[in-house]
Protein chains: 2
Amino acid sequence: MTGLTAYVGLTAVAHLREGDTVFVSGAAGAVGTAVGQVAKLLGAKRVIGSAGSAEKVALLTEKYGYDAAFNYKDGPVREQLARIAPDGIDVTFDNVGGDHLEAALDAMNDGGRLALCGAITSYNATDRSVGPDNMANIITRGLRLQGFTLGSYLHLSEEFSGRMAEWFAAGQIAYDETVVTGIEHTVEAFLAMMRGANTGKMLVAV
Amino acid sequence: MTGLTAYVGLTAVAHLREGDTVFVSGAAGAVGTAVGQVAKLLGAKRVIGSAGSAEKVALLTEKYGYDAAFNYKDGPVREQLARIAPDGIDVTFDNVGGDHLEAALDAMNDGGRLALCGAITSYNATDRSVGPDNMANIITRGLRLQGFTLGSYLHLSEEFSGRMAEWFAAGQIAYDETVVTGIEHTVEAFLAMMRGANTGKMLVAV
């Protein structure tokens with residue numbers, strides 16, 4: 001359901017608009033790789049991602065359609081994000097929380113929207129994690145943060161499938177060659193493609 | 001403009017619904033005293049406020065229409081809010097930030113909405129303030145936090161004035177006796193009333 005999560009977060013939660021600059025934290029994960037493609041298809045001007053290794057950073061820009069990416073282990077996220085997004089961020093799709101969310105709050109443009117999808121930082125924490133030190137930006141910049149889990153948005157499955165089918169028919173979806181056995185797995189295969197790549201075909205063996 | 005701030009925060013920002021339970025932090029301030037009245041007029045089931053002294057707490061429930069209130073100096077806000085709102089909060093109107101926002105995040109019901117209007121905590125801080133340790137609640141409970149300043153919502157002035165005039169004509173606005181000189185100050189006087197009380201009349205001397 002990663003493609004649907006990406007779609008819901010960008011549309012119903014963050015209200016992505018044509019020309020927006022989008023930041024995706026933890027972009028090389030299953031959801032993040034879908035977010036890059038979907039954001040561009042929905043008209044984002046620029047999509048920026050963070051990941052935890054040089055290899056993942058390369059994958060983001062070479063395979064998953066990201067315009068720019070950085071390795072969050074190379075230095076403070078705050079500094080790296082400010083450098084890579086000098087004109088600010090309109091939409092953040094946050095899979096990480098912690099220092100990534102804090103960096104995003106610093107980089108958001110006025111009226112920016114943040115879809116909070118995951119908080120890896122706090123999942124891994126043994127103590128309660130410390131929150132962003134710049135919450136006042138939410139007020140001064142008129143930001144909107146909205147958390148979501150997919151369960152509340154399943155009514156958008158059909159809309160998503162329709163858009164996906166269009167993009168797919170128009171050859172706009174990059175994907176790996178993958179063979180899925182059984183026509184009943186077609187939708188699942190469609191969704192799996194959203195984590196996909198630049199080459200090959202999706203084959204459903206019936 | 002405190003009445004308009006209350007109205008904008010409750011309607012356009014927090015999307016108050018009939019039957020909601022509302023928490024207002026820093027409720028005895030100029031904005032907070034308006035929020036209590038406006039929230040009840042808009043159909044809130046229960047309005048809870050925090051303030052910094054026993055006198056202010058008494059004012060909230062006796063004069064400003066709050067159903068319940070607590071003194072945040074009496075103990076941790078987290079514990080006091082949980083006790084006073086055992087069925088949870090649907091809408092938070094936050095004037096304070098810091099421990100109040102953190103307590104609200106713990107008390108919010110699924111799908112809750114928070115209008116962030118002020119962050120007194122961070123205004124007074126010399127260092128950058130520490131953020132809430134429970135940001136993950138935003139995701140798991142599908143919360144929406146939206147910051148705002150009045151400047152972005154002045155287009156709602158007319159709608160607000162209309163509602164105010166209706167409430168006023170229906171005798172639903174409590175206010176102090178106050179004499180304002182000059183018909184040109186009538187609107188200003190209307191707005192001032194929103195910080196007002198249970199007794200007396202508003203007089204405009206022309």
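**Two chains, one sheet**

Me: In which order do the 12 strands of the open sheet stand?
Reply: The order is β3(A)-β2(A)-β1(A)-β4(A)-β5(A)-β6(A)-β6(B)-β5(B)-β4(B)-β1(B)-β2(B)-β3(B), and the pairing is mixed. Strands here are DSSP runs of E of at least two residues, helices are runs of H or I of at least four, and both are numbered from the N terminus. The model is predicted: local features need pLDDT of at least 70 and side-chain atom pairs 80 or more, while totals for chains, interfaces and linings use all residues. Residues count from 1 along each chain as its sequence is written, chains are lettered from A and ligands numbered from 1 in written order, and side-chain values use heavy atoms, without hydrogens or water.

Me: Why is one side of each β3 strand left without a neighbour in the sheet?
Reply: β3 (68-71) of chain A and β3 (68-71) of chain B stand at the edges and have a single partner strand each, so one side of each stays without a neighbour. Across the sheet, neighbouring strands are turned by 15° against each other on average, direction ignored.

Me: How do you know that β6 of chain A pairs with β6 of chain B?
Reply: Pairing requires at least two bridges found by DSSP. Strand β6 (residues 144-147) of chain A has 3 bridges to β6 (residues 144-147) of chain B, and the two run antiparallel. Within this pair, A:Q146 stands opposite B:R144. Inside chain A, β1(A) and β2(A) are joined by 4 bridges and run parallel; there A:V22 faces A:V47 of β2(A).

Me: What makes both faces of β1(A) covered?
Reply: A:T21 and A:F23 on one side, and A:V22 and A:V24 on the other, are all buried. Buried means under 20% relative accessible area, exposed over 50%, and partly exposed in between (1.4 Å probe, protein chains only). In a regular strand the side chains alternate between the two faces of the sheet.

Me: Which strands does helix α2 of chain A lie across?
Reply: Helix α2 (residues 30-41) of chain A lies across β1 (21-24), β2 (46-51) and β4 (89-94) of that chain, at about 170° to β2(A). Such angles, from 0 to 180 degrees, are taken between the N-to-C directions of lines fitted to C-alpha atoms, for helices over the stretch in contact. In chain B, helix α1 (residues 2-13) lies across β1 (21-24), β4 (89-94), β5 (108-116) and β6, at about 140° to β4(B).

Me: Why is helix α5 of chain A called largely enclosed?
Reply: Of the 10 residues of α5 (residues 98-107), 7 are buried, so the rest of the structure largely encloses the helix. A:H100, A:E102 and A:L105 are among them. Over chain A as a whole, 54% of the 206 residues count as buried.

Me: Is A:C117 buried or exposed?
Reply: A:C117 has a relative accessible area of 17%, so it counts as buried. B:C117, also at 17%, is buried.

Me: What relation do the two chains have?
Reply: A rotation of 180° with 0.0 Å of shift along its axis superposes chain B on chain A, with an RMSD of 0.0 Å. That is the relation of a two-fold axis. In chain B, B:G131 comes closest to the rotation axis, at 1.9 Å (C-alpha). The same surface serves both copies, as 100% of the contact residues of chain B recur in chain A; contact means heavy atoms within 4.5 Å.

Me: Where in chain A is the pLDDT below 50?
Reply: Chain A averages 86, with 79% of the residues at 70 or above, on the predictor's confidence scale from 0 to 100. Over residues 196-202 the pLDDT is below 50, although this stretch has 29 contacts in the model beyond near neighbours in sequence. Where pLDDT is low, the predicted coordinates should not be read in detail.

Conventions
Copies are superposed by least squares on the C-alpha atoms of residues with pLDDT of at least 70 in both.
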